[in-house]
Amino acid sequence: MAATDKGLMHLMTMMLVTPSQHSVSAWRDPLNTPPGFEFSGPEVWQHVARECERGKLDSIFFPDYYAPFDVYGGSTDVTLEEGIQFPTHDPLTVLPLMAGVTERLGLAATMSTTYYHPYMVVRKMSSLDHVTKGRAGWNVVTSFHENEARNFGVEFIPHDERYRRADEFMEVAMKLWQSWDADAVRADPDGMFVDPAKVRPIEHEGEFFSCAGFSPCAPSPQGHPVLFQAGQSPAGRSFAAKWAEATFAIMLNAQQMSAYIAEMGDLAAGHGRDPSQLKYFFGTQPVVGRTAAEAEEKRQAIHERISVEAAMCVISGHTGFDFSSVDPSLPAKEVPNEMPGIQGMWKALLSATESEGEDLSVGEAVRFYARSFLNTSIVGSPKEVAEELITLWEESGATGFLCTPLYYPGAVTDLVDLVIPILQKYKVFRHEYTGATLRDHLSQTKLS
Ligand SMILES: Cc1cc2nc3c(=O)[nH]c(=O)nc-3n(C[C@H](O)[C@H](O)[C@H](O)COP(=O)(O)O)c2cc1C
């Protein structure tokens with residue numbers, strides 16, 4: 001495999017503060033969160049941070065949700081019993097702990113424009129950017145679970161309206177981030193601390209938000225956190241193309257990835273942006289062993305733990321369609337396609353499982369989904385996994401990949417110890433960080 005002139009591959013881990021990551025029931029396996037690494041404690045997150053930085057990854061990214069899945073049978077029982085991305089603790093509490101044990105690693109998390117106020121996001125993200133010395137990232141989501149709205153005691157806002165609201169949210173946030181001149185802080189013991197002439201109230205009055213004042217935080221090292229977005233619907237893609245510095249997506253193959261990149265580029269140009277500035281990360285689940293057989297054995301052992309009921313629960317949560325009354329032995333293609341949740345998810349699953357055979361049952365299809373939530377499964381020896389990542393990267397035009405560990409923290413260490421050295425040998429991955437901030441890392445195109 002030849003070195004490429006496409007610059008460098010960029011990698012992030014994608015993890016939630018929850019018992020299993022993007023593989024239902026992984027928490028039942030002894031490889032996942034072994035003793036001393038409880039999901040809720042600081043040890044595992046500080047360890048993961050050190051490992052990611054040792055591997056010179058661009059960043060860790062924490063998705064976040066504010067409610068358990070409750071669509072399956074209209075209940076949260078299976079979500080709780082099976083620990084399906086639940087409990088979900090607040091990633092903003094672990095990011096500063098991770099910052100304390102690292103110097104370069106990017107530290108990104110989701111905050112929802114539907115349940116936060118822009119003033120609060122600006123305050124939290126600017127504070128995070130300060131304590132991390134410019135390593136903060138924000139995944140701007142609009143949220144899609146109806147029970148999140150119920151938990152906050154508000155009406156569930158319809159899909160496209162959530163994006164209109166998000167658009168105004170970003171306007172307000174940007175105004176707040178620009179409400180201070182870079183040299184407003186004087187900190188002069190004989191004079192003033194902040195020069196009031198260099199700080200302006202934004203006085204925003206809009207359809208969804210009003211905000212009178214200026215940011216409560218001094219300008220942070222990056223000015224604002226790196227902005228990520230993962231919308232997939234037409235409204236979501238347009239919003240991402242307008243505001244994001246990098247987007248996250250889950251696509252089934254290189255062709256789908258490049259078609260998505262082309263579309264996003266056109267949308268970005270339509271918003272008056274230079275499309276080459278937008279970066280693209282696609283979800284993967286690398287499972288690596290010292291040999292291909294060892295990797296496959298680990299994958300099977302964990303994936304075999306997934307019950308049909310647990311799988312139906314997660315797909316119900318994501319599609320918004322209650323599978324509890326669907327006979328799992330029914331052919332999967334007989335389930336109607338129109339579902340209220342994440343658009344196109346069921347269709348994508350049917351297409352992902354095409355190779356598994358025409359007469360795949362609902363039970364088999366949902367168990368396939370619950371293995372990785374359609375994050376591209378890459379299983380093999382270190383060389384096989386590295387080469388598959390490189391092929392996908394070269395053929396798709398992706399900036400890089402989100403890697404969700406099948407079991408943690410071990411699979412993060414495997415990535416760092418076994419795969420990254422091969423990517424480095426092929427000269428597609430950095431040996432050292434050349435910059436200090438997350439934005440620097442994402443822009444690094446040459447080997448150090
Ligand atoms: C990699 C990735 C990460 C995501 N992270 C979150 C998240 O943390 N919280 C959330 O509510 N939605 C998350 N989503 C869902 C998207 O933000 C989006 O709602 C979903 O893909 C459906 O697209 P749409 O909202 O444009 O219909 C994520 C999606 C992807 C592909």
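The model is predicted: local features need pLDDT of at least 70, side-chain atom pairs count only at pLDDT 80 or more, and totals for chains, interfaces and linings use all residues. Residues are numbered from 1 along each chain as its sequence is written, and side-chain values use heavy atoms, with hydrogens and water left out. Helices (H or I, at least four residues) and strands (E, at least two) are DSSP runs, numbered from the N terminus. Buried means under 20% relative accessible area, exposed over 50%, and partly exposed in between (1.4 Å probe, protein chains only).

**Salt bridges**

- The structure holds 18 salt bridges, each defined as a side-chain nitrogen of Lys or Arg within 4 Å of a carboxyl oxygen of Asp or Glu.
- One of them joins the side chains of R28 and E82, at 3.1 Å from N to O. This pair links distant parts of the chain, 54 residues apart: R28 is in the loop between β1 (10-14) and α1 (42-54), and E82 is in helix α2 (residues 77-82). R28 is partly exposed, with a relative accessible area of 35%, whereas E82 is buried at 11%.
- E207 and R164 form another salt bridge, with their closest N and O atoms 2.8 Å apart. E207 lies in the loop between β5 (204-205) and β6 (210-211) and R164 in helix α6 (residues 159-177), so the pair ties together parts that are 43 residues apart in sequence. E207 is exposed at 55% relative accessibility, and R164 is partly exposed at 44%.
- K198 and D183 meet through their side chains in a salt bridge of 3.4 Å, N to O. K198 and D183 are both in the loop between α6 and β5, 15 residues apart. D183 is partly exposed, at 44% relative accessibility.
- A network of salt bridges links E51, R54 and D417.

**Surface charge**

- A patch of negative charge on the surface brings together E354, E356, E358, D359 and E364. For such patches, residues need over 30% relative accessible area and no salt bridge, and like charges are joined within 9 Å.
- Within the patch, E358 lies in the loop between α11 (345-352) and α12 (362-372). E358 is exposed, with a relative accessible area of 63%.

**Buried serines in loops**

- S233 is in the loop between β7 (226-229) and α7 (234-243) and is buried, with a relative accessible area of 8%. Beyond its neighbours within four places in sequence, S233 is in contact (heavy atoms within 4.5 Å) with H159, Y163 and Q343.
- S381 is located in the loop between β10 (376-380) and α13 (382-396) and is buried at 14% relative accessible area. Its contacts, apart from neighbours within four places in sequence, are V288, G289, R290, T291 and A292.

**Backbone features**

- F86 and P87 are joined by a cis peptide bond with omega of about 0°; P87 lies in the loop between α2 and α3 (91-100).
- Y408 and P409 are joined by a cis peptide bond with omega of about 5°; P409 lies in the loop between β11 (400-403) and α14 (410-425).
- T33, not a glycine, has a positive phi of about 35°. T33 is in the loop between β1 and α1 and is partly exposed, with a relative accessible area of 21%.
- K427, not a glycine, has a positive phi of about 65°. K427 is in the loop between α14 and α15 (438-443) and is exposed at 51% relative accessible area.

Conventions:
Patches are made of residues with over 30% relative accessible area and no salt bridge: like charges are joined within 9 Å, nonpolar side chains (Val, Leu, Ile, Met, Phe, Trp, Tyr) within 5 Å. Accessible areas come from the Shrake-Rupley method with a 1.4 Å probe; for residues, only the protein chains shown count as cover. Lys and Arg count as positive and Asp and Glu as negative; His and the chain ends are not counted. The place of a charge is taken as NZ of Lys, CZ of Arg, CG of Asp or CD of Glu.
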